[in-house]
Amino acid sequence: MPFSLHGIGVSRGYAIGRTYLLQRNQPEITEYTIPDAIIEDEVQRFLNGLELARRQLLEIRERAPRTASNDITAFIDTHLLMLGDASLTDAPANLIRSLKCNAEWALKVQRDMLVQVFDEMDDPYLRTRKDDVEHVVRRVQRILVTDDPAYPSDADYSELAGSRLEGRIVVADDLTPADTILMQHQGVLAFVTEYGGPLSHTAILARSLGIPAVVGARNARSYLGNNEPVIVDGRQGVILVSLDERILRYYRHKQQEERRQQRELNKLKGKPAVTRDGVSIRLQANIELPEDAVTVREVAADGVGLYRTEFLFMNRADAPDEEEHLASYLHVIKVLEGSPITIRTADLGADKQVDGGRGGPVGTNPALGLRAVRMCLKDLSMFRPQLRAILRASAYGPVRMMIPMLSAVHEVFQVLRLVAETRQELRERGLAFDEKLPVGGMIEVPAAAVCAAQFARYLDFLSIGTNDLIQYTLAIDRVDDEINYLYDPLHPAVLMLIRNTIRAGQKAGIPVSLCGEMAGDPRYTRLLLGLGLTQFSMHPAGLLEIKRVVQDSHVGELAAVVRRLLHTTDAEKYAELLKTIAQN
Ligand code: PEP
Ligand code: MG
């Protein structure tokens with residue numbers, strides 16, 4: 001019978017394919033002899049393992065989201081029944097006694113026997129029950145073999161680099177941005193993770209890769225078998241399992257419909273992004289990898305508003321040198337043929353961990369710790385090569401430098417001093433660069449948004465990073481799906497900080513853009529236009545849809561409603577005005 005699992009849809013689109021379950025540390029089962037004197041102790045160890053597995057399943061059932069279908073609980077109940085069945089309780093216990101072997105081996109012997117029986121069944125439904133046996137046995141074996149049975153910490157995802165993932169839907173407990181990058185060239189159809197929120201860097205990468213993704217699908221791997229046919233609906237955050245022909249037909253139709261809509265949107269390529277009342281809006285792209293530059297050109301974006309450079313530091317032990325930085329910038333400059341490119345200096349730490357100990361300590365509140373510009377200013381041996389490379393790249397095209405996570409103006413002074421020193425160094429080396437290279441900053445810490453006018457005095461442009469701004473304003477970890485329901489881009493505090501930053505830029509006469517995920521979400525476009533935003537930077541796949549909304553909007557009318565919105569203290573009125581804006 002079909003059933004569905006639920007998480008958070010983070011990258012739109014539908015994928016129909018077979019799962020590839022990434023299991024961390026699948027326990028190695030070996031046989032060893034148990035002396036007669038302690039056979040009954042071994043049986044007891046086995047029974048304790050069964051009991052722990054039972055408690056885990058009860059807990060999973062308890063934690064299943066209220067929206068989960070009854071089929072999910074039925075699924076868990078099946079596993080609970082199996083755990084109590086003589087074939088998985090008495091039989092292995094007897095094998096321990098007769099073979100004088102360890103519990104996990106006895107379980108393996110019994111599992112092999114049961115799998116063979118299932119394989120010989122004619123009924124296809126009963127044959128699929130084999131997966132249930134596998135799941136239950138694996139759970140108990142993990143408990144018996146490891147101390148932390150559910151999620152051992154020393155992940156080995158080296159298989160991500162293999163080619164077996166092509167055409168598969170990867171299901172993992174969590175994926176780091178580095179894992180996601182590894183998957184890029186493997187032809188993965190979609191991915192599902194048990195943890196993580198929509199603003200995690202992993203989710204952002206999925207959007208940039210243009211593959212459907214669902215995160216926060218708790219315990220997904222407990223319900224899914226390997227190589228199992230599923231559908232991933234990255235819009236709704238749903239994974240459909242045990243498919244029948246009717247569901248498949250429906251989703252194939254949805255895939256076709258999506259392709260049709262995309263063809264319609266493609267007609268907007270090259271058309272101006274001008275509102276109904278004649279306001280010209282700049283739509284730029286966020287890129288994660290040099291290869292993404294091609295997509296930027298495909299959607300005819302007005303250049304790159306955010307080039308995240310963290311990929312340069314990932315999946316390696318050492319830091320990239322100046323030439324490596326330069327090569328990756330020149331690649332993008334070449335592909336974009338004269339469009340502006342905003343290169344962000346390394347934003348490592350917190351959700352962008354890298355190998356080689358350059359990710360900062362993970363345990364101590366990493367989002368509030370040594371990340372981004374803080375880390376760069378602390379480790380100049382890492383920062384200086386990037387500054388040199390960005391400056392050198394500016395000799396080849398219109399480049400801007402952007403500093404992430406500024407919280408105090410003295411950080412701007414430090415960066416500007418380093419840039420000045422780097423210029424001098426390049427002059428001495430006889431290397432060319434743009435003397436007027438604009439240096440801007442990301443406004444993504446509430447302190448910087450409140451004091452945006454101060455930052456605007458010393459910087460050439462500002463870019464609002466709402467992913468972090470929302471996390472820090474509302475005290476909600478952007479990667480924690482448990483509190484994701486509080487992550488609210490429409491919170492009045494967030495909107496006031498955005499407005500304050502836009503105004504500060506207007507007063508100082510410098511451009512202000514917004515490059516957080518809000519910029520690429522059509523639900524917020526009219527609101528941002530009403531707040532006075534004229535530059536958006538987003539994942540290229542969403543750009544044409546935003547252009548359509550822009551062409552359909554009237555900034556003058558929206559601004560009037562947004563003014564009322566920010567003045568009201570009545571929650572109902574606030575919600576009503578938001579609705580008006582969305583429909584305007
Ligand atoms: C942001 O914080 O909004 C942003 C664009 O930067 P990142 O998501 O890379 O932290
Ligand atoms: Mg950020």
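Mentor: Happy to. Let's start with A372, which counts as buried because its relative accessibility is 0%. Keep in mind as we go that this is a predicted model.

Trainee: Okay, and where is the place of A372?

Mentor: A372 belongs to helix α12, which covers residues 372–378.

Trainee: Thanks. Now A475: what is its phi about?

Mentor: A475 has a positive phi of about 55°, and A475 is not a glycine either.

Trainee: Is A475 buried or exposed?

Mentor: A475 is exposed, because its relative accessible area is 71% and the cut-off for exposed is over 50%. You'll find A475 in the loop between α17 and α18 (492–508).

Trainee: Are E444 and D468 buried or exposed?

Mentor: Both E444 and D468 are buried.

Trainee: Good to know. On to the helices: how do the axes of α21 and α22 cross, and at roughly what angle?

Mentor: The axis of α21 (residues 555–567) comes within 9 Å of the axis of α22 (residues 571–583), and they cross at roughly 165°. Angles over 145 degrees count as roughly antiparallel, and therefore that is how α21 and α22 run relative to each other. The crossing of α21 past α22 is left-handed.

Trainee: Which residues make the contact?

Mentor: From α21, you have L558, V561, V562, R564 and L565. From α22, the contact uses K573, Y574, L577, L578, T580 and I581.

Trainee: And how do the residues of that contact divide into nonpolar, polar and charged?

Mentor: For the contact of α21 with α22, there are 8 nonpolar, 1 polar and 2 charged residues.

Trainee: Last one: where is L165 found?

Mentor: L165 is in the loop between α5 (124–145) and β4 (168–172). L165 counts as buried because its relative accessibility is 0%.

Trainee: What separation do the C-alpha atoms of L165 and L21 have?

Mentor: Those C-alpha atoms are separated by 10.0 Å, with L165 and L21 lying 144 residues apart along the chain.

Technical notes
Residues are numbered from 1 along each chain as its sequence is written. Chains are lettered from A and ligands numbered from 1 in the order in which they are written. This is a predicted model: local features need pLDDT of at least 70, side-chain atom pairs count only at pLDDT 80 or more; totals for chains, interfaces and linings use all residues. Side-chain values use heavy atoms; hydrogens and water are left out. Buried means under 20% relative accessible area, exposed over 50%, partly exposed in between (1.4 Å probe, protein chains only). Helices (H or I, at least four residues) and strands (E, at least two) are DSSP runs, numbered from the N terminus. Axes are lines fitted to C-alpha atoms, for helices over the stretch in contact, and angles run from 0 to 180 degrees between N-to-C directions. Angles under 35 degrees count as roughly parallel, over 145 as roughly antiparallel, 65 to 115 as roughly perpendicular and the rest as oblique. A crossing is left-handed if the near helix is turned anticlockwise from the far one by less than a right angle, and right-handed if clockwise. Contact means heavy atoms within 4.5 Å. Ala, Val, Leu, Ile, Met, Phe, Trp, Tyr, Cys and Pro count as nonpolar, Asp, Glu, Lys and Arg as charged, and the others, Gly among them, as polar.
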